[in-house]
Amino acid sequence: MENVAVLLLALAIDLAFGDPPNAFHPVAWLGRLIALVMRPALRSGKRRQFVYGLLVVSLVTVAAAAGVYFLLVNLYEVSIIAYVIAAALLLKASFSLRGLRSAAVSAKRLLSARKDDQARFELRVLVGRDTAGLDRSQMASAVVESVAENSCDSFIAPLFYFILFGVPGAVAYRVINTFDAMIGHHGEWEYPGKFAARLDDAANYIPARISALLLTFAAGVTRQNLAGAWRIMRRDHRLTESPNAGWTMGAVAGALGLTLEKVGYYRLGDAGAAPTEAAIDASLSLLNGQAIIWTGLCLILEVLRAAFT
């Protein structure tokens, strides 16, 4: 039952305290490491850039997972209490439910106060697109899209890999996802980050679809449009460049009866209402419902594992 205690404590830490300052956050440390070790990749040709990225991503991911595994194995032999606390802190570092919600609420408050310039600045925490030219509806859409997509990256996927492989699995996922966030995009990092981007797509393949299904069920629980979520998710999930993001964003677009659009890239949903600040609140209700359902399922799986092993 140690994993049940680890999961409950990690969730309690997240809900009570959220994320620590960057100076004390392992993911921020990882980000600085990635910036340091990946910089030399840009000095070579495209093929070497790809190979360099493949080797660095693989080595850092394996080293992080192995380091966590051996740390926790040794702590388990010393003290169960020390093991649970350390494992919970490491698991918490792999997900950020409160952080995602807080960022969305902050952007929503700025939009409600009509502080559009500040809202555009705040949105840079949530989205990778250029926010300078976004109007109010496009900013609200960007927030809702981010809540939908990051419901997987920030919560569903880390716990999915925790259930499968324990804390080392959750940590490995967070390393992969952080590499993708930093270098897995077009531009100067396209070739050094190509392996990270493809590995992240693979790591999120199952969790993204679980996340979309949970958002669909959450639509029923929160009295949104469950049938619409299912229909738009199935119809529009192929419209995004990412093989995964369209599933969760499509589910939210259908559940809320919205058109979610990144101009020039995709347009999800029927010709529904333009997103507003109220849509952000509704998307957060879906996020809460999804998180409750997923937490319950994870706890049930861990209890069953303990009962039959």
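Helices here are DSSP runs of H or I with at least four residues, numbered from the N terminus. By that numbering, Asn225 sits in the loop that links helix 8 (194–221) to helix 9 (226–236). The model is predicted.

- With a relative accessible area of 39%, Asn225 is partly exposed.
- The side chain of Asn225 comes to 2.7 Å from the backbone nitrogen of Gly228.
- Apart from neighbours within four places in sequence, Asn225 has contacts with Ala219, Gly254 and Ala255.
- Asn225 and Asn177 are 48 residues apart along the chain, and 31 Å separates their C-alpha atoms.

**Lys92 in helix 4**
- Lys92 belongs to helix 4, which covers residues 80–94.
- The relative accessible area of Lys92 is 5%, so this lysine counts as buried.
- Two aspartate side chains are polar partners of the Lys92 side chain: Asp19 at 2.7 Å and Asp14 at 3.2 Å.
- Once residues up to four places away in sequence are set aside, Lys92 touches Ala10, Ile13, Asp14, Gly18 and Asp19.

**Helix 7**
- Helix 7 runs over residues 136–183, a total of 48 residues.
- Helix 7 has a kink of about 145 degrees at Phe165, shortly before the proline Pro168.
- At the start of helix 7, Asp135 places a side-chain oxygen within 3.2 Å of the backbone nitrogen of Ser137.

**Cysteines**
- The structure has zero disulfides.
- A disulfide would require two cysteine sulfur atoms within 2.5 Å.
- For Cys152, the closest cysteine sulfur is that of Cys298, and a bond is ruled out because the separation is 12 Å.
- Seen from Cys298, the closest cysteine sulfur is in Cys152, again 12 Å away and too far for a bond.
- Cys152 counts as buried at 2% relative accessibility, and Cys298 counts as buried at 0%.

Conventions. Residues numbered from 1 in each chain as written. Predicted model: local features only at pLDDT ≥ 70, side-chain atom pairs only at ≥ 80, totals over all residues. Heavy atoms only, no water. Buried < 20%, exposed > 50% of the residue type's maximum accessible area, 1.4 Å probe, protein only. Helix = DSSP H or I, 4+ residues; strand = E, 2+ residues; numbered from the N terminus. Expected span 1.5 Å × (residues − 1). Bend = angle between axes of the 7 residues up to and from the residue. Polar contact = N/O pair within 3.5 Å; in protein donor to acceptor, adjacent residues only side chain to side chain. Contact = heavy atoms within 4.5 Å.
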